[in-house]
Structures are given as C-alpha cells and as structure tokens.
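User: Hi! I am new to reading protein structures. Could you go through one with me, feature by feature?

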Amino acid sequence: MEKLFKQISKTITTELQTGEHLGLSISGENSTFTRVNAAKVRQTGNVDEADLGFNLIYAGKRCSGSVSLSGDLNEDLSRARAELKRLRAEVVQLPEDPYMVVPDSQETSMSEKQGSIPASDDIPEKILPAMGHVDLTGIWASGRIYQGSANSAGGYHWFASDSFSLDYSLITPEEKMVKATFGGTHWDQAAYESFLDESINKLKLMLLPPKKIAPGNYRTFIASAGVSDILSMFSWGGVSEAAIRQSESCLGKMRNEGQKLSELFTLSEDFSSGFAPRFNGNGEVAPEKTIIIENGELKQTLVSSRTAKEYGVESNFASEGEGMRAPSMAVGTLKEADVLQALGTGVYLSNLHYLNWSDMIGGRITGMTRYACFWVESGKIVAPIENMRFDDSIYSFLGNNLEQTTDTAHVNPDVGTYEGRELSAIICPGILLKSFSLTL
Amino acid sequence: MDLNAILSGIDVRADWIGLRYVKENTGFRLVRDGNPEANSRESKQGLMVEVLVNGQFAYYGTSRLDRAGIQSAAEHAVRMATAASKFSLHSFGLEARPVAKGSYKSPYKTAADAFSPGELSDLLIKASSELKVSDKIVTTNAMARTVETESHFVSSNGSDVEQQYLMVSADYSAIAHAGSITQKRTDGGLLAKSFQKGMEVFNEAEVLDRCRNIGAEAVELLSAEECPTGTLDLVLAPDQMMLQIHESVGHALEIDRILGDERNYAGWSFVRPSDFGKLQYGSSLMNITFDPYVENEFASYAYDDGGLKAEKEFLIKEGLLIRGLGGMESQLRSGLDGVANFRASSWNRAPIDRMANLNLEPGNSSRAEIIGSVEKGVFMTSNRSWSIDDYRNKFQFGCEYGKLIENGKLTKTVKNPNYRAISNPFWRSLKKLGNRDTFEVYGTPFCGKGEPNQIIRVGHASPLCLFDSVEIFGGA
C-alpha cells in the first residue's frame, strides 16, 4: 500500500491549483480477528481496509474529507480526484478559519517493521490447544497496520508494523478472573505456551474464598495495567493545551491555581519505544520526548500547531486532538518483589475498568476494580475481593497519597480496535497509595 | 453494484454465503467560539463477505470491490471457517440466517443536501454567538453531524434487504467560568439529540432559543450550591434516563454478554439465563420495550444484519424480566427468546447483539404529580459522567444540572449532581412514572462493545421518573 499511497499523493498534489494547499494521510490494516469464548472460536474473520484522508486549504479556509481505498490505482485515483473536486466546491462556501495551519513540513521518514505471524487459517491450531480446559475468553488480532502522511510542501512519511496480540481473560467456575495480553511481532509458540501457563497459575490464587470489603479509604497498590487505565484519562480533558485554555481539563488546577501532584509522579510523551509513529496527521514530527509533568509539576502540555497559532504558544506537533500517543511514566524505587510487604494491609488492584471523570475540573475519577484484585494482610494475599467502585481525585491519589512507585515500567499495549487496530502502548510502573477511596 | 450478480459469480464450497455492502457518508461541522473548527466528510464503503462452513461462520471484510477481490475474500473466509470449525463454540445451521426480503427508509422532511455547507456553517456561527450570553461564558461549541447510510444484504438462501438511513445529531454547549469554578451545559448531554430525521432539526429559531437557555444555565450553575450529600428521592429527566436505561438495563440484557462473549472486554451480566420469566427486575411500573419503529428514534430499522425482521417486543413487563436482547445466533445458542438486534457497526465488522431502540414505556403521573410528591429530593438532567461495573450492577452517574425539590416544589439550582446505586434495587425503587406528556426520545451515536470493538447507534426514550431513597452527592 505504500507504493499506492506514494503514487496517489504524487499525482494529486501535482494537480493542485494556484493557492491550494493539501495534506493527505492514509491509515489502514489487513487484520485477522479471532474471537474466543470458553477456549473455543466464537467468531473469526479478516478485515482489509484503508482510508485516504484529505485536508484542503484555500484562501484562508479549510475543509477535510476521506474516502475508502480499493487497492487499485486507477480506481483510487478516480476516488481521490472526485473527493478533491468535492472539497474544492465546499471550501469556498465556508467561513475563514483564523487558526488553520498551512502544511509546510518537508520532512520525510520511512519505517517498516516486518514481523513473523501465523497465517490466519493457522491461528486456531496455534492458540487454542494450549488453553486446555481453562475457561478463556478474548480476542486474537494480527496483521499489518500502516499509516502515512504527505503534503503539498513535499513532506512524506510512512510507518508500517506487523504485530499480533492475544488479549484474554481466564475465568474460574466462581467467576473470578485473571487478565493478560500476549503480544509481539514474531510468533514464538513455546513463549506463548509458557506465558499462558503463567496466567493459568495466577488463576489458582483466585480460587481462594472471596472477601467483601466495605466502602472506605484503603492503603492500595495499583499494578501497571491499572495505572495505564488512569494515565489514559490524561488524554481526555488532561494534557491538551487547548483543553486547558478552554476550561475542559483536569490539569487546569495545576496551570491556573499552582496545584501540584506528588514529586514521585513524572509523565512524558516518549516515542523512543517505537510503538507509534512520531509524525501526526499533518506530517509534523514530534520531539522524541516531551516531559509533561515532572516531579509533580506541570512543565509542558501537548500543543498542536493549530492550538499554537490560536494561543500564541509554541507547537510540539501534537496530534489535532492533543491526546498522548506515547505515554510513559517514570519508575521509582519500590522493587516489585517488595510490593506486598510495602502494602502491608490493604488492597492490591491488578486492573481497573470503565473509568470516567466524575468531576473533570476537580480531577476526580470514578471506575471499578476488575480481575485479579486482592485483600492483603501483613504483606500476604489473603483473598480475592468482590469488585468495588472507586471515586477519588488525581490531586489526592497522585498527590499526597502517592507513597511509592515501582522500579519497573511495563508495556501495556493498546489493544483497542474501534477505529482500527491501535499502534500505541502505555509504559508505566505500579503505584502504592497511602489511601484510595472505594465507595460502593 | 449488482450484489445478486456478484453473489452468483462467487465460486467457493460453502454451506451459505452472505454479502453485506455498506456505504456511509458522515458529515461533521463544529464551530467553536464563532470560528470554524471542523468541516469534514468521511466517506466509507466496503463489503462484508460471510460464509458458513461445517457449522462455523467466518468473514472477510474488504474495500476491494472488484470481482477478483470479492472472490479472493470469499476463498479466504472459507479457509478460515474450515480451520476454525475444529474448535467451534457452537455449530450453526442456516436457521441462524433467516431469509429476509424487504426494505427500509428513514422518515424525514428535509434532505441532507437541503442545507449548503455555507448555510449550515452560518447557523452554527449564530448558535455559537447565542450561547455566549455573558462574559462568563469562556467557550462555546455548536456541532452538527449528518450520517447517510446505504446497506444492501443478499445471501445464497435468498435474502435481499436494502435499508437507507438519514441520521442527524446536533449539540450546542457553553462553558462558564468564574474564579475557580467551571461549569458546562450541553443540549441534553453530548449528542443526545440524535435522531433519524432530516435537516428540519436545524430550525433556526428553535436552535437559537435553545442556545440562549443553555448559555444562561451554564452561568446559573456558577453561583449554584453544591449538590447535597445524602439518601434522597431522585427525579431523573428523560435525557438522563436514556443513559440509565442504556447502562443498567440494555447492556445487562444482551444475551451474548449473558453467554460470556464479552467477558474479556465489556463484561458479563448479573442476569443469568434462568432469570428470564422469573427475575423481578424493577417495580411494577417498569415496562421496557425493544421498539424499532418509534418515529424518528435513532436506531429504527426493518431487519437486523442477520436478516431477522425487527418487531416490537416487551423485554420487561410490569417489572418482570421476560425476554433478552439477542439475535438468532444468541437465540439458537441459549434457547432464550430474543429480538432482531444482531447488528454490525459497518461493513468491516461482524454482527453481534446490540441495543437498538430500547425504551421505558410511559406511565400515568404528570410532571406536577411527580415533583409534588417529593418532600426532599433532587431533580437531575443531562448526563455528564457515567461508569458501571462489568456485571452491570454498581453504577455511578453524574449530571450537568440539578434542582433541589423541597416540600413538593423545585427550589434552588445545584451543581455537580451525582448518584450511585445497584441496578436491581434501583429499578425496584421506581415509584412514579411520568405520563406520555413527559415522554421524550433521545439517542446516541456512541455505544461501544465487542471484540474487535464496534461503536453503534442506539435510541432510548423515557418519561420523567421518580426513584425512592438514592445515594446522592456533589462534586470534588
């Protein structure tokens, strides 16, 4: 598809008329999805799709569009020309956009990550027998994901990556669960079976009689997977400069009222892991690392060029929505082997579920505990807990109540597939809290 | 595309083949603070090729629409079905894809192209201006979204269904700020005004009137008291009941969830197969219907994506759970009665059990009777926060705007109103149900579920409701 994108972008940009500026983007995938319930195949299939995006600027006005690509050059050029014609007819009718940014980046980049992944009709045989008699539910996703960007100034970027993931839950007859994701770029059958065995062993802990705990404030450890859910909230009404300026950010209190989080909390946008491309939809390349919160202080936000123009600040070439594409939280000193001892008596949370702002401006998040969550007494796991609702502010649990962070950052791949398979991952340690509010 | 000709030209060995072509144009316009923020149109088209081999379905969704591409997709799907059939969760037959012939078209008065891009932009700029009722309004947004969808389904056992939709969503919002207080009002919750209607939705006088009210209420909230904390009576407006029905009834009754398909993602359900016909879900006032034919409701249609004809059905009658939300595959797997709700978000996803129009039927109480019956309580409207557990039990929801109810009267405005409860006890505490005059229809484009993930449109309609003794609280 890279060849197709290059040919279309070259042809279409040479057909532009005087005064027109164009940004083009492509996103696509050829993916296999196999859905598993009770360690059997529930649904299976393949999706092969690509979309070509347009951003047309003319006479201080802007409009955008996208069309599906067929993979056939002549057909797709015809679709692209029709879309350009539609955009030309529309753009002149629109009001001027004072904050639109003419694409001027002439940078180029190319990244192709070849993987080694089982053929789609081999996947059931590769993944299902190892599940044995365990009740496993989840989703296998594999194949190529690609993104590209080109503009009328000559900028051009291409990023493609082969990968696979099996995101799954193991479930006991008493409906206690353990969650894990086995992912990578090169399939290794032995490594998969070993990883699965480890999960099955963890499930045995869930066979202990469950404990129901009362609402209240508890010493709590949240493992890396749960922390990644919390960090993902920073991309929704959080680190965006526009959101802060428009009074729709939980970090407004840091900017406007001087509030701080714990010195132990440092959050960066860090592309060095290579999971996600550094270029955005406009073909602008973000710095490899941007520190957003350093030792509890707000240092920087994510700023798109559009926001930069509107508010007179410097762009760091964030995406248009100014969400994090490569979140990374700094590690601390707590050894993972010492977590239970450091927790003492309290709650150990492996995963969280269905987070939402209960008060975005106040920084308060509500959500549920889920999967392997335990009651711990004197440094020993005593029992899995019944799921609890939490409702607490980042200014509390990532503030004075943040006691320690672990010394190991784990990679939590984004296995979301709403707009297609995601490329990103959240890299973070676990956190030990002096107090965390469980409410229902 | 002559889909029947393409189907007859496919050469593979399969027990059944289905083709579902979908073309969808989504227009989106957003004006922020009087300036254009987005003017976009996304145009997607593709074909879902589905086959049945040895009792196992498999699919190949492709945007390659030439004959060679479709033949290749079918061959690939057959290989996948064959390989997976050694590990099938359930062995299906043709009864999972009933023969369907028919068509559907959204009802509307004014076509999508009746407004030029310039005219719609002008209206949104005026709306943005009307929202800014004072200097305390720091951000305004006016948003319009139109979706035109064509779907054509044919199958080797004779199905031929064409459905055309026009769906319009709009939202107008204002953020007010003073000192350290920030408050936001929208038009009934984000994109709650989502309908199968035409551009008549953008009646200028009505839109501008609503915008002035939204702006005024955002400013009003700046000086409002915090919502009180306590166990109080709760009156919910229909725009919040939409979310309440969706999260604590709809998802819980999806049969694929009950059968465990979603346990790794959206979650399970507290409802068990044995509960149908036995579980008293709510008070005797509670009647929940799956109704695909409420005029202009967002998720109306004639056939689901498995070819099952859509009919109105009661899921909960006088509080008793009697039927689930499950299409033919779930009905065959579970033996439970279901509905025509086997739906895919587009051509690139396989259908699963989804809500469509899921409504709480109106009762007999007037608005005055409901408010008048409350000694101490809170009225809440317009959802702003939602979260519920994976069994659809423990929920916490927040609204944009509240009013105290004292001695049968609405009194002070309160900000940051929230409540939390557990689904069955909450619905059993439904003690007054509004009449048809209080009944309102809403919808949302954003119901997420499934692996791979799918966002789908749903509609919900409800009267005003009074719940007894609910845990209520304010903001941070």
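User: What percentage of the 440 residues in chain A do buried residues make up?

Analyst: Before we count, a word on the source: this is a predicted model, in which local features need pLDDT of at least 70 and side-chain atom pairs count only at pLDDT 80 or more, while totals for chains, interfaces and linings use all residues. Residues are numbered from 1 along each chain as its sequence is written, and chains are lettered from A and ligands numbered from 1 in the order in which they are written. Now the idea: a residue is buried if 20 or more other C-beta atoms, placed from the backbone, lie within 10 Å of its own, exposed if 12 or fewer, and partly exposed in between. In chain A, buried residues make up 55% of the 440 residues.

User: How many helices and strands are there in chain A?

Analyst: Helices (H or I, at least four residues) and strands (E, at least two) are DSSP runs, numbered from the N terminus. Chain A has 10 helices and 20 strands. Its radius of gyration is 24 Å, close to the 22 Å that the globule rule gives for 440 residues, so chain A is as compact as a globular protein of that length. That radius is taken over C-alpha atoms, and the globule rule is 2.2 Å times the number of residues to the power 0.38. The C-alpha trace spans about 75 × 60 × 30 Å along its principal axes.

User: Which domains does the assignment give for chain A?

Analyst: Domain bounds come from an automatic or database domain assignment. Here, that assignment gives domain 1 (2-205) and domain 2 (216-438). Their C-alpha centres lie 25 Å apart. The contact between them takes 32 residues from domain 1 and 22 residues from domain 2; two residues are in contact if their C-beta atoms, placed from the backbone, lie within 7 Å. On the domain 1 side, β5(A) gives the most, with 6 residues.

User: How many residues of chain A are in contact with chain B?

Analyst: In general, the size of an interface is often given as the accessible area lost when the parts come together. Here we count residues instead: 74 residues of chain A are in contact with 67 residues of chain B. Strand β2 (residues 40-58) of chain A supplies the largest share of the chain A side, 12 residues. That side has 25 nonpolar, 30 polar and 19 charged residues. For these classes, Ala, Val, Leu, Ile, Met, Phe, Trp, Tyr, Cys and Pro count as nonpolar, Asp, Glu, Lys and Arg as charged, and the others, Gly among them, as polar.

User: Which strand of chain B is joined to strand β3 of chain A?

Analyst: Two strands pair if DSSP finds at least two bridges between them. Strand β3 (residues 61-68) of chain A is joined by 4 bridges to strand β2 (residues 35-53) of chain B, and the two run parallel. For example, A:Val67 has B:Ser43 as its bridge partner in β2(B).

User: Where does A:Ala59 lie, and is A:Ala59 buried or exposed?

Analyst: Most residues other than glycine have a negative phi, and most peptide bonds are trans. A:Ala59 has a positive phi of about 55° although it is not a glycine. A:Ala59 lies in the loop between β2 and β3 of chain A, and counts as exposed because it has 11 C-beta neighbours inside 10 Å.

User: Which peptide bond is cis in chain B?

Analyst: The bond from B:Glu451 to B:Pro452 is cis, with omega near 0°. B:Pro452 lies in the loop between β22 (440-449) and β23 (454-462) of chain B.
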